[in-house]
Number of protein chains: 6
Amino acid sequence: MSTQRLPDQPESDPRVKAVFDDMRAVRQTDFLNSFWRTLAFDPGLLERTWAEVKQVMAVPSLLDPLTKEMIYIAVSVANSCSFCVHSHTAAAKAKGMTDAQYGELLSIIAVAGKTNQLASALQVPVDAVFNADPAAGRTPA
Amino acid sequence: MSTQRLPDQPESDPRVKAVFDDMRAVRQTDFLNSFWRTLAFDPGLLERTWAEVKQVMAVPSLLDPLTKEMIYIAVSVANSCSFCVHSHTAAAKAKGMTDAQYGELLSIIAVAGKTNQLASALQVPVDAVFNADPAAGRTPA
Amino acid sequence: MSTQRLPDQPESDPRVKAVFDDMRAVRQTDFLNSFWRTLAFDPGLLERTWAEVKQVMAVPSLLDPLTKEMIYIAVSVANSCSFCVHSHTAAAKAKGMTDAQYGELLSIIAVAGKTNQLASALQVPVDAVFNADPAAGRTPA
Amino acid sequence: MSTQRLPDQPESDPRVKAVFDDMRAVRQTDFLNSFWRTLAFDPGLLERTWAEVKQVMAVPSLLDPLTKEMIYIAVSVANSCSFCVHSHTAAAKAKGMTDAQYGELLSIIAVAGKTNQLASALQVPVDAVFNADPAAGRTPA
Amino acid sequence: MSTQRLPDQPESDPRVKAVFDDMRAVRQTDFLNSFWRTLAFDPGLLERTWAEVKQVMAVPSLLDPLTKEMIYIAVSVANSCSFCVHSHTAAAKAKGMTDAQYGELLSIIAVAGKTNQLASALQVPVDAVFNADPAAGRTPA
Amino acid sequence: MSTQRLPDQPESDPRVKAVFDDMRAVRQTDFLNSFWRTLAFDPGLLERTWAEVKQVMAVPSLLDPLTKEMIYIAVSVANSCSFCVHSHTAAAKAKGMTDAQYGELLSIIAVAGKTNQLASALQVPVDAVFNADPAAGRTPA
């Protein structure tokens with residue numbers, strides 16, 4: 001199912017073709033998943049989204065590629081995004097995530113989800129020591 | 001504010017004292033935040049929660065301590081848990097997270113949050129290639 | 001799949017029949033989706049839910065019908081409700097939403113989802129200028 | 001803080017006065033919290049919201065009043081609604097919830113939050129045995 | 001679909017076998033759902049998760065088993081966890097939940113979800129009377 | 001409170017100054033809220049975020065500015081982002097949103113939040129008629 005029809009010949013639009021060509025080059029595969037192919041119905045949104053994903057996830061940076069994927073999975077799990085959980089778990093495995101690392105990732109997500117609920121239930125005040133900004137501390141909340 | 005009164009003398013309960021003593025030893029600090037001190041109203045829940053947090057976050061394992069904190073932050077942000085975001089960002093900084101690393105973490109959380117919404121809106125079917133379990137693939141969903 | 005059996009002859013209950021008749025008249029179609037047909041297992045809940053949906057979404061009001069559907073979609077996407085995203089995107093298209101308008105809607109949902117995560121991560125204090133109620137400003141938070 | 005100014009003399013509007021009078025009678029207290037007093041800026045929304053809360057929470061029914069409040073808290077915690085968590089925890093305590101019962105409620109919320117994340121991460125298919133509707137089982141998902 | 005391959009012979013691992021044996025004994029059924037069978041890929045995570053679910057949900061306690069399942073469902077619905085909603089609704093029905101009780105549960109979840117959104121939109125300050133902890137009240141938030 | 005220290009002289013960085021100058025020009029005000037001033041700690045993230053917010057929210061497009069703000073509010077409410085709800089409700093009011101329009105917006109958000117929970121609880125299958133993509137319909141889900 002989908003809320004939007006998959007474009008018939010998306011690459012007949014030169015803006016879409018440019019994004020898809022770049023995606024194939026950066027990711028070194030001809031496979032384009034359903035998310036990107038559907039998003040092609042709006043070339044501007046496709047361009048902006050890919051530019052950001054590429055900048056954050058594909059350009060070499062301080063964090064290693066596998067750590068980045070694990071953080072992406074964590075957010076997607078908490079947001080209940082089925083497609084994103086699937087695609088980024090597959091990406092993490094393609095980047096070498098072992099079963100033992102995946103088990104650790106799940107353990108952290110699980111304990112965080114649990115304490116998130118407990119803190120949300122108790123509504124305890126944030127300790128002043130956690131405040132990183134003295135000026136913000138003086139601001140009436 | 002809080003939904004539960006902070007226990008007056010929590011460590012008069014030996015089960016609470018044992019948890020707090022262990023926490024001070026493991027974390028090498030006398031500071032106990034408001035979450036743990038409030039949770040002491042139910043010693044069993046306190047014991048189970050600390051046992052899990054200790055096992056997952058404090059025992060040396062495959063993932064390094066800073067990576068674990070960053071994953072914890074990612075879940076807490078997506079779940080909008082103010083206390084948890086504060087306490088684990090402070091913990092990550094205490095473990096050496098630089099501004100540049102924090103900026104990368106935020107960039108990943110931001111782009112994940114964005115594509116989560118887009119995929120949730122488009123409701124695109126999960127590509128068969130992402131299925132890690134052939135048997136599950138044959139199960140009528 | 002479903003957690004509740006679809007009632008066999010829902011309209012044999014006169015309260016259900018009254019709701020379904022009204023729904024067909026208001027929406028000018030004989031089609032009743034699975035949500036409403038399943039909800040018929042509890043006639044009181046069906047009545048209250050339809051009364052509210054009808055009042056808010058079907059009665060002419062200040063906001064035009066398409067704008068209302070787009071707001072409904074935005075909430076449903078953020079809440080990850082697959083059924084609601086599907087049914088209200090279809091409704092918006094039936095009310096004339098073009099691909100260009102849909103692309104804009106997705107762009108707003110995406111950027112909002114992104115900045116929501118960033119603000120949730122930074123936990124910045126709300127600026128006093130955003131407070132609409134001077135009395136609330138004086139209340140200890 | 002608040003996004004909407006508290007009406008100055010809300011009960012000068014007879015629709016608001018009727019709701020507030022009913023609320024005071026049903027709840028047997030003169031206290032009206034900030035949520036209801038602020039909602040008075042839109043008398044129709046106030047009427048519809050109170051009518052539903054009264055029908056579901058205040059009218060005697062199958063589930064006892066304390067159980068209802070605990071379910072309300074559970075939803076509010078999962079949705080991170082600070083005001084609702086506070087007001088309904090206070091209501092549950094006013095209806096006799098003991099510390100031991102509250103500890104159990106938190107334990108259930110915590111373990112549910114945890115397994116929710118794990119199942120969301122694993123994306124396992126729903127077992128056919130959980131399907132309550134044979135017809136739904138035959139529908140292509 | 002699933003993000004993780006179902007282990008082929010999970011009970012060849014004695015830790016997994018011990019958990020599954022205990023689960024069959026406690027629940028008095030040979031059926032093990034897909035969640036538990038998949039989680040077996042990480043025996044430690046399986047052990048910790050089952051120990052907690054057993055302690056909270058299966059050991060007799062203050063709250064009756066059906067009330068516990070209804071609270072579990074409430075959290076799982078708010079967190080949009082499809083698998084958990086299915087499995088715990090089935091469990092509640094197995095423990096005797098009638099259609100009338102289920103209708104009440106849904107009514108509470110629905111009205112809570114609604115007022116959660118309204119309070120989140122209005123951002124009204126929490127009334128001081130809801131604060132359970134005088135000390136927390138004096139802490140600058 | 002805040003998880004990140006507000007930069008002391010953010011505009012001493014020319015990239016930050018360029019963003020802030022553009023923001024003041026586009027929004028025709030010297031006021032810069034705490035979110036943007038804090039985000040300045042990472043100039044690249046600030047640039048990317050502002051570029052997207054400007055493109056989507058400030059550049060004239062098909063949807064009128066007030067409708068855009070209402071959609072932004074809807075997402076932010078559902079995601080429980082306190083800062084975003086405050087800042088965009090203030091922005092909507094600055095763009096002319098009346099109390100009556102705001103009441104309608106809240107009514108839609110409320111009913112959507114309610115039916116989202118009901119559909120999430122019932123887990124009804126999406127009707128085939130809502131599928132916008134015939135090819136997706138043939139894909140095993």
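Two residues are said here to be in contact if their C-beta atoms, placed from the backbone, lie within 7 Å. The model is a predicted one, in which local features need pLDDT of at least 70 and side-chain atom pairs count only at pLDDT 80 or more, while totals for chains, interfaces and linings use all residues. Residues are numbered from 1 along each chain as its sequence is written, and chains are lettered from A and ligands numbered from 1 in the order in which they are written.

A:Glu104 lies in helix 6 (residues 99-122) of chain A, where helices are DSSP runs of H or I with at least four residues, numbered from the N terminus. Leaving aside its neighbours within four places in sequence, A:Glu104 is in contact with B:Ser61, B:Leu62 and B:Leu63. A:Glu104 counts as buried because 23 other C-beta atoms lie within 10 Å; the term buried asks for 20 or more other C-beta atoms within 10 Å of the residue's own, exposed for 12 or fewer, and partly exposed covers what is in between.

In chain F, helix 1 (residues 14-27) has 14 residues and should span 20 Å at 1.5 Å a residue, which agrees with its end C-alpha atoms being 20 Å apart; the expected span is 1.5 Å times one less than the number of residues. Within this helix, F:Val16, F:Val19, F:Phe20 and F:Met23 are buried. Seen down the helix axis, these buried residues fall within an arc of 95 degrees, so they line one face of helix 1 of chain F, the arc being that of the directions from the helix axis to the C-beta atoms. Their cover includes helix 2 (34-39) and helix 3 (43-58) of chain F, whereas F:Pro14, F:Asp21 and F:Ala25, on the other side of helix 1, are exposed. Just after this helix, F:Gln28 takes a positive phi of about 55 degrees.

Chain F also touches chain E, in a contact that takes 17 residues from chain E and 17 residues from chain F. On the side of chain E, the elements that give two or more residues are helix 4 (65-78), helix 5 (82-94) and helix 6 (99-122), and the largest share, 10 residues, comes from helix 6 of chain E.
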